Amino acid sequence: MSKKVFIKTYGCQMNVYDSKRMADVLKPHGYEQSESAEDADLVILNTCHIREKAAEKVYSEIGRLKAHKEVQAESGKNMYIAVAGCVAQAEGPEMMKRAPAIDMVLGPQTYHRLPDMLKSAEEQRTGGRRSARVLDTDFPVDTKFDHLPTDSDFDGPAAFLTIQEGCDKFCTFCVVPYTRGAEYSRPVKDIVDEAKRLVAKGVVEITLLGQNVNAFHGDDGKGGTATLGALISELDKIDGLDRIRYTTSHPRDMDDGLIFAHRDIASCMPYLHLPVQSGSDRILDAMNRKHTREEYFRVIERLREAKPDLALSSDFIVGFPGETDEDFEDTLDLVRRVKYAQAYSFKYSPRPGTPASVNEDQVPEDVKSERLARLQALLNEHQLEFNESTLGREMDVLLEREGKLEGQLLGRSPYLQSVHVDLTKHDNALDLTGDKPYSKFMGKLVRVRIVEAGPNSLKGELVRALN
Ligand code: SAH
Ligand code: SF4
Ligand code: F3S
C-alpha cells in the first residue's frame with residue numbers, strides 16, 4: 001500500500017531542491033507526496049537556521065504536528081515526524097530533547113539515508129513507543145549526490161539544480177559553514193546528466209544552486225576543474241534548455257569568464273543576485289566579507305560594461321554589531337549608486353556559535369527596525385522604477401502557473417520579474433478552441449508586451465508563442 005509523505009520547506013532554494021530530492025529518495029519505498037500533514041504517514045520539516053524566527057516557526061509547527069500524531073495514534077496509525085535541514089544540523093540533540101514528538105533528525109548531507117532511518121524508527125516504535133529517537137547529522141565523506149536516485153518527478157518548466165554546497169568563507173554573522181559543512185562542487189558530468197534528465201521531462205529553465213555558486217570548481221573530467229562560466233557554456237549546449245540562472249554569488253568570485261558568459265551566452269539570463277550585505281568598509285571588514293565597497297563597485301562596472309541590461313539584486317543586513325549611523329548611510333549611498341532591480345534586507349540576527357553573536361556592540365532593536373524601514377523604502381522605490389522601465393517593452397516570459405483570473409497565466413521575465421499574462425488579449429489569431437484553451441501555453445516561453453508595472457509584478461499581453 002502506498003504511504004504519504006508531506007514535506008514542508010523553509011529557507012533558501014537549496015532547501016527546495018533538497019525537499020524534492022527527499023521525495024525522490026522516498027518514492028521507490030512507496031511514499032507518494034501529500035499536500036497536507038493531517039493524513040500523512042511521514043512529515044518532514046526541512047528547516048532553516050539563518051535567522052531567529054526561522055527556528056521558532058519550526059518549534060510551533062512541531063506543536064501542531066504533535067496533535068495530528070496523537071489523533072492518528074488513537075486510530076492505531078503510526079505517524080512519523082522528521083526534522084531535516086539546517087536547524088536539525090545545528091541543534092539536533094537539543095531538538096530531540098525539547099520536542100519529544102520528533103522521531104527523526106537528519107542533516108542536509110544525510111538525507112539519502114532516509115530509508116534506513118525510517119527503518120530504525122519503525123523498529124523502535126514497534127511495541128507501542130510514541131516516538132523514535134533517530135539522529136543522523138553526520139558530514140559523510142562520500143557525498144549524498146552519489147546516492148540520490150536519477151529519477152525525479154516533473155513539477156514545472158523551471159527547476160533548481162544544486163551544483164555546489166557548503167561554504168568555506170565564514171562571514172562572522174552566518175551559520176551556513178556550520179550547517180552545510182565545507183565547500184564541495186559536483187563533477188561537471190553529473191550536473192550535465194542531471195540537467196539533461198530535467199530537460200527530457202520538459203524543464204526549460206534551470207537555476208544552478210550553491211551557497212557560493214560562483215566559487216564552483218567541479219571536476220571537468222579532463223583532469224582539471226571547471227569554473228561556473230565553463231559549466232554554463234557546457235549546459236548551453238543542451239537542446240531545449242532555454243534559460244540558465246545561478247544563485248548565490250559572492251562578489252569576490254565574479255571572474256571574467258562568468259562576466260563574459262552573461263555577454264556571450266544567450267541562455268545565461270540577464271539577472272544576477274550579488275549580495276553585498278553592507279556599504280560600509282568598516283562593517284564589510286567586521287563581517288569578514290573580504291572586499292571593499294570600491295571593489296564591489298568595480299565588479300558591478302565590469303558586469304554592466306559586458307551586459308548593459310543586467311538586472312542586479314542583493315541581500316543586506318542592517319544593525320550588524322557596531323554599525324553606526326554613518327555606516328548605515330554608506331549602505332544607503334551604495335544602494336543609490338547601484339540601483340538594484342530587486343533586493344532582500346534583514347535585521348541582523350545573532351546566531352549561536354558565530355563570532356559576531358558574542359560582539360558586545362549589539363545594535364538596539366528599535367534602531368535596527370528604523371534602519372530596515374528606511375533601507376526597504378529606498379529599495380522598493382528602485383524596484384518600482386526598474387519595473388516601470390520595462391513598460392511597453394516586449395519580453396520573453398516563461399509561463400509557470402495559473403493566475404487568479406480566467407485566461408491568465410503567471411510567469412517570469414528574463415529579469416526574474418513576476419508577470420501576469422492575459423491570454424485573452426493577443427495580436428494574432430491563435431487557436432484557442434477546446435476545453436482548456438489556455439493550458440497549451442502552460443510551461444511555455446511566450447513573447448509578451450508589458451502593459452502595466454507595479455512594485456512587485458508586471459502585467460502583459462501575449463504577442464506570440466515561442467517554443
Ligand atoms: N552565501 C550567500 C548568503 C547566504 S545566506 C552570500 O554570501 O551572500 C542568505 C542571506 O541571509 C545573506 O545574504 C544575509 O543577508 C542573510 N543572513 C545571513 N545570516 C544572517 C544573520 N545572522 N542575520 C541576518 N541576516 C542574515
Ligand atoms: Fe554565509 Fe558568508 Fe558563506 Fe554566504 S559566503 S554562506 S554569507 S558564510
Ligand atoms: Fe537556511 Fe540552511 Fe539555506 S540556514 S538559508 S536553509 S543553507
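The dialogue below turns to the ligands and then to the domains.

Mentor: This is a predicted model, in which local features need pLDDT of at least 70 and side-chain atom pairs count only at pLDDT 80 or more, while totals for chains, interfaces and linings use all residues. Residues are numbered from 1 along each chain as its sequence is written, chains are lettered from A and ligands numbered from 1 in the order in which they are written, and side-chain values use heavy atoms, with hydrogens and water left out.

Trainee: Which residues are the closest to ligand 1?

Mentor: A residue is near a molecule if one of its heavy atoms lies within 4 Å of it. Here 15 residues surround ligand 1, and the closest are F173, Q211, Q277, D315 and S349.

Trainee: Which polar side-chain atom lies 3.1 Å from an oxygen atom of ligand 1?

Mentor: A polar contact is a pair of N or O atoms within 3.5 Å. One such side-chain atom belongs to R289, and a side-chain N or O atom of R51 is also 3.1 Å from an oxygen atom of ligand 1. From the backbone, an N or O atom of F173 lies 3.0 Å from a nitrogen atom of ligand 1.

Trainee: What separates the centres of domain 1 and domain 2?

Mentor: Domain bounds come from an automatic or database domain assignment, which here gives domain 1 (3-136) and domain 2 (394-465). Taken over C-alpha atoms, their centres are 38 Å apart.

Technical notes. A polar contact is a pair of N or O atoms within 3.5 Å; within protein, one must be able to donate a hydrogen and the other to accept it, and residues adjacent in sequence count only if both atoms are side-chain atoms.
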